[in-house]
Amino acid sequence: MTQGVRLSFQRGSSAGIQYHRPKLMPLEDFEHHSGGIDPAEVFSAAQIIAAKLVATGQDPDADDATVDWLVDLVDDVGLDTMARMWANAPAVTYGGALWRLYALQQATQRDGDRWAAWYRAGYEAYVSRVIAGAAEPPQAKDLQTLITKILTGVYAGDFAIALERGGAYARVIAAGQHQHAEQIEDHHPAAAAALEQRSTKLQRTATELELCAAAWRQGRLETESAERRPTN
């Protein structure tokens, strides 16, 4: 049986408030009938978890250690666990937003030199570059610092601005991927096509993060996708 998606919070304390580390709970907890797991229950639980994570970091009583733990949450729970919770969530939800930001973080850390090259190639996207906020010209370590700052902003800053910075970051990388694809198209058409697909996907990620920011500012992020919850 695949292990589940429910988290409890057990991290540090401040002013009597307890913050809890994530703890995996079995998906069997969501079984309500002989037919098995209720997808709507899993969806709801995963979205509640995402919203609570943001609220935990945004709480005025949250200390620096709590925010650092949230920024590096993948190290604690694993990317596979996050994927089971949020990878298939609608984009304009708390879970959809966190999944995209953590996926950007992990890709930056995993392939930093290549991402830095794409970022440099996307320099003509000047407005997005300024919003994203990387050092110029960025190296791999600079992008790792950038994505850490973006995630820190999610939990200890203006949530919408952090989402917009994440979107801007994705957009600059996508522009660089597009440029690289054009450069290699004549001699490596298959590789160019694959890179162009990655660029298109990352542009979509950027737009989705920007939509999340707009929804949050309008107070509708929690209910934005209520009608799109899975039913079977």
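With which residue does glutamate 208 form a salt bridge? In this predicted model, where local features need pLDDT of at least 70, side-chain atom pairs count only at pLDDT 80 or more, and totals for chains, interfaces and linings use all residues, the partner is arginine 100. Residues are numbered from 1 along each chain as its sequence is written, and side-chain values use heavy atoms, with hydrogens and water left out.

The chain contains ten helices and four strands, where helices (H or I, at least four residues) and strands (E, at least two) are DSSP runs numbered from the N terminus. Read from the N terminus, the order of the elements is β-β-β-β-α-α-α-α-α-α-α-α-α-α. Of the 232 residues in the chain, 45% are buried; buried denotes under 20% relative accessible area, exposed over 50%, and partly exposed the range in between (1.4 Å probe, protein chains only). Among contacts (heavy atoms within 4.5 Å) with a separation of 6 or more, residues 24 or more positions apart account for 66%.

Side chains of opposite charge can pair when their charged atoms come close. Five salt bridges are found in a search of the whole structure, a salt bridge being a side-chain nitrogen of Lys or Arg within 4 Å of a carboxyl oxygen of Asp or Glu. In the one between glutamate 208 and arginine 100, the closest N and O atoms are 2.6 Å apart. Because glutamate 208 belongs to helix 10 (residues 189–217) and arginine 100 to helix 5 (residues 94–110), the pair ties together parts that are 108 residues apart in sequence. Glutamate 208 counts as buried because its relative accessibility is 15%, and arginine 100 counts as buried at 13%. The side chains of glutamate 208 and arginine 100 are also joined by a polar contact of 2.6 Å. A polar contact is a pair of N or O atoms within 3.5 Å; within protein, one must be able to donate a hydrogen and the other to accept it, and residues adjacent in sequence count only if both atoms are side-chain atoms. With neighbours within four places in sequence left aside, glutamate 208 is in contact with Ala91 and Arg100.

Another salt bridge links the side chains of glutamate 164 and arginine 217, at 2.5 Å from N to O. Glutamate 164 is in helix 9 and arginine 217 in helix 10, so this pair ties together parts that are 53 residues apart in sequence. Glutamate 164 is partly exposed at 27% relative accessibility, and arginine 217 is partly exposed with a relative accessible area of 47%. Arginine 114 forms a salt bridge with aspartate 111, and their closest N and O atoms are 3.6 Å apart. Here arginine 114 is partly exposed at 45% relative accessibility, as is aspartate 111 at 24%.

Two packed helices are described by the angle between their axes and the distance between the axes. Helix 6 (residues 112–121) and helix 9 (residues 159–184) have axes that come within 7 Å and cross at roughly 85 degrees. Axes are lines fitted to C-alpha atoms, for helices over the stretch in contact, and angles run from 0 to 180 degrees between N-to-C directions. Helix 6 and helix 9 are therefore roughly perpendicular to each other; angles under 35 degrees count as roughly parallel, over 145 as roughly antiparallel, 65 to 115 as roughly perpendicular and the rest as oblique. On the helix 6 side, Trp115, Ala117, Trp118, Tyr119 and Ala121 meet Tyr169, Val172, Ile173, Gly176, Gln177, Gln179 and His180 of helix 9. The residues of this contact comprise eight nonpolar, four polar and no charged. In this classification, Ala, Val, Leu, Ile, Met, Phe, Trp, Tyr, Cys and Pro are nonpolar, Asp, Glu, Lys and Arg are charged, and the others, Gly among them, are polar.

Helix 2 (residues 64–71) has Thr66, Val67, Trp69, Leu70 and Val71 buried. Among the elements covering these buried residues are helix 1, helix 3 (73–77), helix 5 and helix 8 (140–156).

Glutamine 47 is located in helix 1 (residues 39–58) and counts as buried at 12% relative accessibility. Its side chain makes a polar contact of 3.4 Å with the side chain of threonine 93. Apart from neighbours within four places in sequence, glutamine 47 is in contact with Ala89, Thr93, Tyr94, Gly95 and Gly96. Tyrosine 94 is placed in helix 5 and is buried, at 12% relative accessibility. When residues up to four places away in sequence are not counted, tyrosine 94 touches Gln47, Ala50, Ala51, Val54, Phe159, Trp216, Leu221 and Glu222. The C-alpha atoms of tyrosine 94 and glutamate 222 are separated by 7.0 Å, with the two residues 128 apart along the chain.
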